[in-house]
Amino acid sequence: MLNKFSALSCALWMGLSLVSNHAMSAGNKVAYDDAVISASQFDQELLAQEAAQDIAMFIPNVNLGDSEKDINALLGSPYSVEHMELGSSFWDYNVSIPTSAESFMGCQYRLEFGADGLLKSADWRKSVCDLMYRQYIGGAASDNEQRLEVFSLMSDVLFSFNRYQLSASGQKSLDAFIDQLLERYDNPVVTITGHTDRIGSREANLNISKLRAREVGSRFLAKGLIKQNLLIKGVGDSSPIVVCADEQRDTALISCLAPNRRVEIEIYEAL
């Protein structure tokens, strides 16, 4: 288990807008599905759920091919269920992972079932959670601080609206950001996740989120990051930061939803 955990969040850097992971929180509520926060500030509703902490012990027993009945018996009822076309479904579980005596990682563990009701995939919604969970169950102590940095880059700064190609100014700012970021690491592992707002079809949003993540990832590769240490994914509009009223006019709605259009970057030193 990690003795220390640090996350760097910036508000503005060389013209590149960055949204802090905790900047959008209201009161004691955690706006993100996955967040690292002290126990006193952590979502009290989640901490009150003993099952959220118990689930962590049983996740190693989850196997592909398990039935919905098997998973329900092992982990209990999911926090949420999303039914898809053609009969597949996603189950989300809240999991509280201790990162120290005073801090927790609040994560969501997502299971995908096929139309036959059998488990097709199981993964943490953020790779940071996978890292922390593997170290938690491994019980490995370290005298060194595991540096983990999480950035959220505003897509409107990097891309034109509804486009996935980096703008000239966006690429210039991004390249400068990457240069300074990578020089602090010897063997960095980077996960890039593209997000969109809810305007447009789900399929289109998922596609553009992947393409935008790929564009940002290509700049990391151009700057020397090895391909094996890069994970790229797009999640469309599935993890919004803000919720905006439908009655707003188009321009106002687009502006209101801007924080949801983002590319998140997670980086840590490979041990």
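Residues are numbered from 1 along each chain as its sequence is written. In this predicted model, local features need pLDDT of at least 70, side-chain atom pairs count only at pLDDT 80 or more, totals for chains, interfaces and linings use all residues, and side-chain values use heavy atoms, with hydrogens and water left out.

**The chain**

Helices (H or I, at least four residues) and strands (E, at least two) are DSSP runs, numbered from the N terminus. The table lists totals for the chain.

| Item | Value |
|---|---|
| Helices | eight helices |
| Strands | 12 strands |
| Buried residues | 45% of the 271 residues |
| Accessible surface | about 13,800 Å² |

Buried means under 20% relative accessible area, exposed over 50%, and partly exposed in between (1.4 Å probe, protein chains only). The accessible area comes from the Shrake-Rupley method with a 1.4 Å probe; for residues, only the protein chains shown count as cover. Carbon and sulfur atoms hold 50% of this surface.

**Helix α6**

Helix α6 covers residues 168–182. The expected span is 1.5 Å times one less than the number of residues. For the 15 residues of α6 this gives 21 Å, which agrees with the 21 Å between its end C-alpha atoms. Buried residues in α6 include Gly170, Ser173, Leu174 and Phe177.

**Ile208**

Ile208 is part of helix α7 (residues 202–222). Ile208 counts as buried because its relative accessibility is 11%. Leaving aside residues up to four places away in sequence, Ile208 touches Asn162, Arg163, Tyr164 and Thr196, where contact means heavy atoms within 4.5 Å. Gly236 is 28 residues from Ile208 along the chain, and their C-alpha atoms are 7.5 Å apart.
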